[in-house]
Amino acid sequence: MTQLSPPHANANLADYTTWRVGGPAEWLAEPTTIAETIAWVEWAQQQAVPCQVIGAGSNLLIHDDGLPGLSLCLRKLQDHNIDAQSGVIDALAGEPIPSLARRAARAGLHGLEWAVGIPGTVGGAAVMNAGAQGGCTAESLISVRVMPKQGGPSFELHCDELNYAYRHSRLQEDNLVVLSARFQLEPGHDPKELSRITKENLNHRTTTQPYQQPSCGSVFRNPEPQKAGQLIENLGLKGTRIGGAEVSTMHANFIVNIGDAQANDINALIHLVQDRVEAEHGLRLHPEVKRLGFAATA
């Protein structure tokens, strides 16, 4: 039986999201091992309270009123193993995907260079099918180990069971907690060349996106073949503000916190952009960002 310290009461969730907004968690726990993670999920069940899982908080908008029950933050659930010979990587859910991408490049493993600028975790990448620079998680993921939020033994789901599509997986609907993931990369590449490509990818992102301001990354999925940022920019919405939330003047598919934003400001700006694009183009942009504590919206 894993012994747990008491959870943190009324923790400020704004400190756990890259937008720096959000109200308090009724309870907050930050496990560092799979055993602790399982124990906290079981604790929530025993207390009959909801359990919300958050990672690096980089793709997350939490309501100003905060969240009831247990907020289970997995950003400290970190460990990894890289087999340079086979190209197999095992990583716990809280492992930062950018640092894993750098380590893979240094080991001569090709396949994660795109991930260096993604400010998220392995678990979050698996859930969202995160991607950039023409690559995505589904291309190299072998499997994930998950457990039900209602408690019970962990089990493995293989990539072909995850219903992967653009920024989508069944993990977004299923009531499961991702504990770890396994990737298959391509071994035998030149580490210096992979590191050069990785660095170039990061430089591209940091020079074209507002990395110096609090944001969640891209807000909307691209309505392929069109790009959400281009549609928003063409409507002259760059710089549009509601409260402390602003459509970035650097990249229109980013909403930034210019200093004093509330979650409701950001949510209202998301709706404004959706409404304007729909009125002009007849299509509804779908957010990539996960919104917790808000009424269900498209």
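Q: Buried means under 20% relative accessible area; which residues of α6 are buried?
A: In this predicted model, the residues of α6 that fall under that cut-off are Ala 263, Asp 265, Ile 266, Asn 267, Leu 269, Ile 270, Val 273, Gln 274 and Val 277. The elements that cover them include β4 (60-62), α5 (228-234), β13 (241-242), β14 (245-247), β15 (255-257) and β16 (290-292).

Q: Why is Asn 267 called buried?
A: The relative accessible area of Asn 267 is 11%, and the cut-off for buried is under 20%; Asn 267 is therefore buried. This residue belongs to helix α6 (residues 263-281). Beyond its neighbours within four places in sequence, Asn 267 contacts Leu 61, Arg 291 and Phe 294.

Q: What makes the pairing of the Asn 267 and Arg 291 side chains a polar contact?
A: The two side chains are joined at 2.9 Å, and a polar contact requires a pair of N or O atoms within 3.5 Å, one able to donate a hydrogen and the other to accept it. The pair is accordingly listed as a polar contact.

Q: How does the reach of α6 compare with the span expected at 1.5 Å a residue?
A: Helix α6 has 19 residues, and the distance from its first C-alpha to its last is 27 Å, close to the expected 27 Å. Just after this helix, Gly 282 adopts a positive phi of about 75°.

Q: What makes Ile 197 buried, exposed or partly exposed?
A: Ile 197, in helix α4, has a relative accessible area of 26%. Buried requires under 20% and exposed over 50%, so Ile 197 is partly exposed. Its C-alpha lies 10.0 Å from that of Val 116, 81 residues away along the chain.

Q: How do you know whether Asn 253 is buried or exposed?
A: Its relative accessible area is 4%, and buried means under 20%; Asn 253 is therefore buried. Asn 253 sits in the loop between β14 and β15. A polar atom of its side chain is 2.9 Å from the backbone oxygen of Phe 220.

Definitions and conventions
Residues are numbered from 1 along each chain as its sequence is written. This is a predicted model: local features need pLDDT of at least 70, side-chain atom pairs count only at pLDDT 80 or more; totals for chains, interfaces and linings use all residues. Side-chain values use heavy atoms; hydrogens and water are left out. Helices (H or I, at least four residues) and strands (E, at least two) are DSSP runs, numbered from the N terminus. Buried means under 20% relative accessible area, exposed over 50%, partly exposed in between (1.4 Å probe, protein chains only). Contact means heavy atoms within 4.5 Å. The expected span of a helix is 1.5 Å times one less than its number of residues.
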